[in-house]
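These are my notebook entries on a structure that I looked through element by element.

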Amino acid sequence: MFKKRDRNEVRKIRHERVRKKISGTPACPRLCVYRSNAHIYAQVIDDIAGNTLAAASTVEKEIASQLGDLDKKGASKLVGKIVAERAIEKGVKEVVFDRGGYIYTGRVAELAAGAREGGLDF
């Protein structure tokens, strides 16, 4: 019998494959996305120095208070805007988008749209 892999294991394999090609530099850091069932997280990472330059998630108290009546997609867009604002404060205008092995649809696409509206280029 074949043993079926769970979806997160397959996502991690896909993410590792993509990470071989995508890397963040000080000039163009990586916008990394992690999505759970209830929350979404975004980080702007300089892989050479190993530093997180900016981060935002729906777990943070100040963002959670702004969510109100928003659904998960709306919350993702808000997180994208906030991480873009925080990255621009640090002097980052251009990033490379790392979808974390997730399909580019739904909440991941909304986060990217929010980041673009916030002023990031990718």
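**Entry 1: the sheet**

I began with the strands and found that 4 of them form an open sheet, in the order E3-E2-E1-E4, with mixed pairing. At the edges lie E3 and strand E4 (96–98), each of which pairs on one side only. From one strand to the next, the twist averages 20 degrees. For my own reference, helices (H or I, at least four residues) and strands (E, at least two) are DSSP runs numbered from the N terminus, and two strands pair if DSSP finds at least two bridges between them.

I must keep in mind that this is a predicted model, in which local features need pLDDT of at least 70 and side-chain atom pairs count only at pLDDT 80 or more, while totals for chains, interfaces and linings use all residues. Residues are numbered from 1 along each chain as its sequence is written, and side-chain values use heavy atoms, with hydrogens and water left out.

I then looked up how E1 and E2 are joined: strand E1 (residues 30–35) and strand E2 (residues 40–46) run antiparallel and are linked by 6 bridges. One detail I noted is that arginine 35 has isoleucine 40 in E2 as its bridge partner.

**Entry 2: helices**

Helix H3 (residues 72–89) lies across E1, E2 and E3, and runs at about 145 degrees to E3. Such angles run from 0 to 180 degrees between N-to-C directions, and the axes are lines fitted to C-alpha atoms, for helices over the stretch in contact. Contact means heavy atoms within 4.5 Å.

In helix H1 (residues 7–19) I looked up histidine 15. Is histidine 15 buried or exposed? Histidine 15 is buried, because its relative accessible area is 18%, and buried means under 20%, exposed over 50% and partly exposed in between (1.4 Å probe, protein chains only). Leaving aside residues up to four places away in sequence, histidine 15 touches Asp98, Gly100 and Gly101.

**Entry 3: salt bridges**

I found 8 salt bridges in the structure, each being a side-chain nitrogen of Lys or Arg within 4 Å of a carboxyl oxygen of Asp or Glu. In one of them, the side chains of aspartate 47 and arginine 30 meet at 2.9 Å, N to O. Aspartate 47 lies in the loop between E2 and E3 and arginine 30 in strand E1, so this pair ties together parts that are 17 residues apart in sequence. Arginine 30 counts as buried at 6% relative accessibility, whereas aspartate 47 counts as partly exposed at 22%.

Arginine 86 is in helix H3 and glutamate 60 in the loop between E3 and H2, so parts 26 residues apart in sequence are tied together. Arginine 86 also forms a salt bridge with glutamate 62, with the closest N and O atoms 2.8 Å apart. Because glutamate 62 lies in helix H2, this pair ties together parts that are 24 residues apart in sequence.

Lastly I looked up valine 59, which is placed in the loop between strand E3 (51–57) and helix H2 (61–67). Valine 59 counts as partly exposed, at 45% relative accessibility.
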